[in-house]
Amino acid sequence: MTTKAIQPPNTAVTDHNASAPYRCFPSAELKQNLAAHSEEQLKLFLESWEDLPVDSYMKDGADYRRRRYGSFHWTAGKLVADPAGVFHQTQEVNSLHGGVDRAFPPLSDSVLESGVLDTLIHFFMARLPGEFDPVTSGVGVHQIRITATRDADRLPAPEGVHEDGHHFVAQVLMRRTDIDGGESQIFDRNRRPIYRTTLREAFESIVIDDRRVFHGVSAIRPVDGVRQGIRDMLLIDYFPVQGHHAGA
Ligand SMILES: [Fe+2]
């Protein structure tokens, strides 16, 4: 289910409406929550985006997206990593890349064991825009890098306006270097634009109720005078385990 991306109107940066289907978090709020972790731990976590293999499932052999994926479930209140598995979206949810199991390279041991990832997963779990029961839910973690070059605009979300097929998805900016564009856009279920913002600082975030909105990201390109730019994202999916393939 995709449509061509359209430009939503400007909207306020922060939405405090408790019933809104999305929530935004400034970098400072995340960093405050991560204060228990050392500078070294945070640096290592951010640097793990330097070690992402090319996403081999991109259409036409495109090599501008790199990624790793891992999933987790809760056991006795603790987050436990699943064995390496496949990521699956239905064709209906993702007409471009859905309908097939995608065996992305797994998260590295240092990321899996990083307290930073654990803190981030729990941060959003406590602030989701809707009800969430961890006992019956799983968590998917995507590390994604988009490299923008001079030869063409790069689409962080080549699906266009889309849904991910989860209950909630946290979109966390990890790095934005030498790029223009990359505007995060949220639409209601009639695909009318309701919010847009550009994440600029590391750890600046949006979390959406994926059942109540569609979303998209505008193209990115290098800023004037440089050959390439980078946009690193951490996506955290929250989904019910039963009947869901992502963590299987
Ligand atoms: Fe998405």
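These legends go with a set of close-ups of one predicted model.

Some housekeeping: residue numbers start from 1 along each chain as its sequence is written. Since the model is predicted, local features need pLDDT of at least 70 and side-chain atom pairs count only at pLDDT 80 or more, while totals for chains, interfaces and linings use all residues.

View 1. pLDDT is the predictor's confidence in each residue, from 0 to 100. The chain averages 88, and 91% of the residues score at least 70. Residues 1-15 stay under 50, with 31 contacts in the model beyond four places in sequence. Residues 243-248 are also below 50, and that stretch has 18 contacts beyond near neighbours in sequence. A contact here means two residues whose C-beta atoms, placed from the backbone, lie within 7 Å. Where pLDDT is low, the predicted coordinates should not be read in detail.

**View 2. The seven-strand open sheet.** Read across, the order is S1-S11-S7-S14-S6-S2-S3, with antiparallel pairing. S1 (22-25) and S3 (78-81) sit at the edges with a single partner strand each, so one side of each has no neighbour in the sheet. On average, neighbouring strands are turned by 20° against each other, direction ignored. Strands (E, at least two residues) and helices (H or I, at least four) are DSSP runs numbered from the N terminus; two strands pair if DSSP finds at least two bridges between them.

**View 3. Strand S6 and its two partners, S2 and S14.** Buried means 20 or more other C-beta atoms within 10 Å of the residue's own, exposed means 12 or fewer, and partly exposed falls in between, with C-beta atoms placed from the backbone. Nine bridges tie S6 to S2 (residues 65-75), antiparallel; in that pairing Arg 66 stands opposite Arg 145. Another 13 bridges link S6 to S14 (residues 228-240), again antiparallel, and there Ala 148 has Gly 229 as its bridge partner.

**View 4. Val 139, a buried residue of S6.** Val 139 counts as buried because 28 other C-beta atoms lie within 10 Å. Leaving out residues up to four places away in sequence, Val 139 touches Ser 71, Phe 72, Ile 121, Ile 236, Asp 237 and Tyr 238. Trp 74 is 65 residues from Val 139 in sequence, yet the C-alpha to C-alpha distance is 8.7 Å.

**View 5. Strand S7 between S11 and S14.** Seven of the 10 residues in S7 (168-177) are buried. Five bridges pair S7 with S11 (residues 205-209) in the antiparallel sense, with Val 169 opposite Ile 208. Nine bridges join S7 to S14, also antiparallel, and Gln 171 has Leu 235 as its partner there.

**View 6. Helix H4 lying across the sheet strands S3, S6, S7, S11 and S14.** H4 spans residues 115-125 and runs at about 60° to S14. Axes are lines fitted to C-alpha atoms, for helices over the stretch in contact, and angles run from 0 to 180 degrees between N-to-C directions.

**View 7. Arg 102 in strand S5.** S5 is residues 101-102. Arg 102 is partly exposed because it has 17 C-beta neighbours inside 10 Å. Setting aside neighbours within four places in sequence, its contacts are Tyr 57, Val 86, Phe 87 and His 97. Arg 227 is 125 residues from Arg 102 in sequence and 31 Å away in space, C-alpha to C-alpha.
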